[in-house]
Amino acid sequence: MNLKITAGSLVIALATFSAAQAQEKKLKREQLPPAVEKIVAEQSKGATIVGFSTEVEHGQRLYEVELKVDGRGKDISMDRNGNIAEVEEEVSMDSLPDAVKEGLKKAAGAGTIAKIESLTKNGKLVAYEAIVKTGTKRSEIQVGPDGQKLAHPE
């Protein structure tokens with residue numbers, strides 16, 4: 001019986017540890033690696049810095065700077081060497097190609113699209129994602145750069 005309790009406690013502890021590792025941790029600018037700080041200085045010209053964070057994704061530590069550019073959100077994730085892995089940039093529905101507008105509207109169904117972001121990974125636009133409100137529920141949808149449904153989430 002004690003062995004079962006100990007094993008169960010160990011499983012819970014490991015699950016909690018794993019979840020905690022995946023969570024975002026807020027940072028101060030002076031805690032950023034030098035290469036990350038260099039990219040932040042370049043990318044934040046003309047923007048307001050909202051904050052910094054770090055998290056481990058797929059076994060890799062990433063650093064993120066959250067910016068406001070002309071009133072729109074822009075998040076830049078990079079590795080400790082300053083290599084930009086992903087950029088999420090808030091965009092307006094009006095700025096999107098017609099195929100993307102239609103794809104998002106179709107994916108949203110009866111829901112209301114609240115916020116849209118472009119997703120760029122390793123310098124390539126890979127998707128558009130949107131927050132959709134349906135009643136009191138919020139969900140996230142994605143379409144490809146061509147407005148088509150994605151084979152897998154980005």
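Leu119 has Ala127 in E7 as its bridge partner. Strands E6 (residues 112–121) and E7 (residues 124–134) run antiparallel and are joined by nine bridges; strands here (E, at least two residues) and helices (H or I, at least four) are DSSP runs, numbered from the N terminus. Two strands count as paired if DSSP finds at least two bridges between them. This is a predicted model, in which local features need pLDDT of at least 70 and side-chain atom pairs count only at pLDDT 80 or more, while totals for chains, interfaces and linings use all residues. Residues are numbered from 1 along each chain as its sequence is written, and side-chain values use heavy atoms, with hydrogens and water left out.

**Hairpins around E7**
- Two residues lie between the strands in the hairpin of E6 and E7, where Asn122 takes a positive phi near 50 degrees.
- On to the next strand: E7 and E8 (residues 137–143) run antiparallel, joined by seven bridges.
- Thr134 stands opposite Lys137 in E8.
- The E7 and E8 hairpin also has two residues between its strands, and Gly135 in that turn has a positive phi of about 65 degrees.

**The sheet as a whole**
- Eight strands make up an open sheet with antiparallel pairing, in the order E1-E2-E3-E4-E5-E6-E7-E8.
- Strand E1 (25–27) and E8 are the edge strands, each pairing on one side only.
- On average, neighbouring strands of this sheet are turned by 25 degrees against each other, direction ignored; axes are lines fitted to C-alpha atoms, for helices over the stretch in contact, and angles run from 0 to 180 degrees between N-to-C directions.

**Helices on the sheet**
- Helix H2 (residues 34–43) packs on the sheet and touches strand E2 (48–57), E3, E4 and strand E5 (84–91), contact meaning heavy atoms within 4.5 Å.
- The direction of H2 makes about 155 degrees with that of E4.
- Helix H3 (residues 98–108) packs on the sheet too, touching E6, E7 and E8, and its direction makes about 140 degrees with that of E8.

- Glu64 lies in strand E3 (residues 60–69), and E3 pairs with strand E4 (residues 72–78) in the antiparallel sense over seven bridges.
- Within that pair, Val65 stands opposite Ile76 in E4.
- Leaving aside residues up to four places away in sequence, Glu64 touches Glu24, Gly51, Phe52, Ser53, Asp75, Ile76 and Ser77.
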